[in-house]
Amino acid sequence: MAKGYWVSVYPAISDPESLTAYDELAGPAVQAGGGRTLSRIPSRGGRVVAHEAGITQRVVLIEFDSFEQAVAAYESEAYRKALVALPEGVERDFRIVDGID
């Protein structure tokens with residue numbers, strides 16, 4: 001079965017510290033839904049090289065055992081609470097995608 005992934009790219013964040021409340025709720029919600037964070041740039045000293053129209057703002061990649069599990073985690077009550085905490089001034093491109101077997 002193909003894995004599922006959350007891909008989040010943040011083209012604009014007016015106040016990075018304002019994401020703290022979201023992060024504190026989203027992390028446990030993702031873990032409860034079976035997700036594993038594979039990459040979170042730029043935190044934890046991670047590196048990024050942007051090409052073409054790429055940006056160096058925050059990028060998060062989370063893996064789930066299946067696409068259906070990824071969708072269910074997004075639709076969970078716990079993650080909905082995290083979304084409410086996502087502050088104004090944050091522009092986010094979020095996608096749930098199928099992995100390749």
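1. A pocket, as the term is used here, is an open set of grid points with protein on both sides within 12 Å along at least five of seven lines. The model under discussion is predicted, and its largest pocket holds about 290 Å³ of space.

2. The lining of this largest pocket comprises 20 residues. Those lying nearest its centre are Gly27, Thr37, Arg40, Val60 and Ile62. By class, the lining divides into 9 nonpolar, 5 polar and 6 charged residues.

3. Several secondary-structure elements contribute to that lining. At least two residues each come from the strands β1 (4–13), β2 (36–41), β3 (59–64) and β4 (90–98), and from the helix α1 (20–32). The largest share belongs to α1, which supplies 6 residues.

4. The second largest pocket contains about 160 Å³ of space. It is lined by 12 residues, and Pro16, Leu19, Arg40, Pro42 and Arg58 are the closest to its centre. The elements giving two or more residues to this lining are α1 and β2. In terms of class, the lining of the second largest pocket has 5 nonpolar, 3 polar and 4 charged residues. Arg40 deserves a remark, for this residue is listed among those nearest the centre of the largest pocket and also among those closest to the centre of the second largest pocket.

5. The helix α1 also packs against α3 (residues 77–84), at an angle of about 165° and with the two axes 8 Å apart. Angles over 145 degrees count as roughly antiparallel, and α1 and α3 are therefore roughly antiparallel to each other. The crossing of α1 past α3 is left-handed.

6. In the contact between these two helices, α1 contributes Tyr22, Leu25, Ala26 and Ala29. From α3 come Ala78, Tyr79, Lys81, Ala82 and Leu83. The contact of α1 with α3 has 8 nonpolar residues, no polar residues and 1 charged residue.

7. A further helix, α2 (residues 67–75), packs against α3 at an angle of about 55°, with axes 5 Å apart. The pair α2 and α3 is therefore oblique. On the α2 side the contact is made by Ala73, Tyr74 and Glu75, and on the α3 side by Glu77, Tyr79, Arg80 and Leu83. By class, the residues of the contact of α2 with α3 are 4 nonpolar, no polar and 3 charged.

8. Two residues of α3 link the helix contacts described above. Tyr79 and Leu83 take part in the contact with α1, and both residues also belong to the contact with α2.

Notes:
Residues numbered from 1 in each chain as written. Predicted model: local features only at pLDDT ≥ 70, side-chain atom pairs only at ≥ 80, totals over all residues. Heavy atoms only, no water. 1 Å grid on protein atoms, 1.4 Å probe; cavity = no way out; pocket = protein on both sides within 12 Å on 5 of 7 lines; lining within 4 Å. Points joined across faces, edges and corners; volume = space filled by probe spheres on them. Helix = DSSP H or I, 4+ residues; strand = E, 2+ residues; numbered from the N terminus. Nonpolar A, V, L, I, M, F, W, Y, C, P; charged D, E, K, R; others polar. Axes fitted to C-alpha atoms, helices over the stretch in contact; angles between N-to-C directions. Parallel < 35°, antiparallel > 145°, perpendicular 65-115°, else oblique. Left-handed = near helix turned anticlockwise from the far one by under 90°. Contact = heavy atoms within 4.5 Å.
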